[in-house]
Structure formats: C-alpha cells, structure tokens
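Please read them with the sequence and the coordinates open beside you.

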Amino acid sequence: PTALAGRDALAGPARVWESRTPYLATRHAGRRKDAVAALVRDVTAECGRRGLPLPAEVEILECKGVPNGGGLKARARLRFAVAVRGPLLLGRDSHGGGGMFASQIK
C-alpha cells in the first residue's frame, strides 16, 4: 500500500487537489453575500478544522445553491504550498462520500 500511495490520486501526496464529488458548505453564506467568497472561506476553514495546512489558493470551479435552504454546493480546486497526503474528504457530507478530492497526478 505504501508503494502505491505516491501515485494514487486519492492518497497523494500532492499540492493540487480537485473535488470529484460535490463539496457542501458547512456554513450558510448569508443573505446577499458573495457565494464564491463564502465557499472559499468555508473550504479554508474546513481544512483548518481537519488539521490540514491552509490552502494557498482555493479556486471555485462551479457553484450552486442547494434547494430548500440547504446552503451551497461546489466543485473546487485546492492548491497547497506543500504536498498534502490524502485522502481529502471535506465539507458537510464528507462522511457520506461528499467532498472527496483527488490529486492532479498525471
């Protein structure tokens, strides 16, 4: 398993990670707030809560509202200053398979 970890898209390590399942925000953006900025703050805070280094950049690739006041859903790309080992599961439904990130290994 250790030999595969260096080349595995889910285990990393890598500096760039992209969501493969939708990331659901852990906090509401607030009325009339910028949804993308709220998602960037939420993803950054979630990395900190999970003991990961804070991303140097969070790029929101796609952003949608969740029906019935469910918050925000997004696809995101995270760039870290250092290589981060996976798996990265972030966001409100991370324990149900949401917010799964894969590294950008070619």
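1. Contact is used here for heavy atoms within 4.5 Å. With neighbours within four places in sequence left aside, S19 is in contact with A74, R75, A76, M100 and F101.

2. This is a predicted model, in which local features need pLDDT of at least 70 and side-chain atom pairs count only at pLDDT 80 or more, while totals for chains, interfaces and linings use all residues. Residues are numbered from 1 along each chain as its sequence is written, and side-chain values use heavy atoms, with hydrogens and water left out.

3. S19 belongs to strand β1, residues 14-19 (strands are DSSP runs of E of at least two residues, helices runs of H or I of at least four, numbered from the N terminus). The residue is buried, at a relative accessible area of 1% (buried means under 20%, with a 1.4 Å probe and protein chains only). Its side chain reaches the backbone nitrogen of A76 at 2.8 Å.

4. For the protein chain as a whole, 2 helices and 6 strands are found, in the order α-β-β-α-β-β-β-β from the N terminus on. Of its 106 residues, 36% are buried, and among contacts with a separation of 6 or more, 63% are between residues 24 or more positions apart.

Key:
Buried means under 20% relative accessible area, exposed over 50%, partly exposed in between (1.4 Å probe, protein chains only). A polar contact is a pair of N or O atoms within 3.5 Å; within protein, one must be able to donate a hydrogen and the other to accept it, and residues adjacent in sequence count only if both atoms are side-chain atoms.
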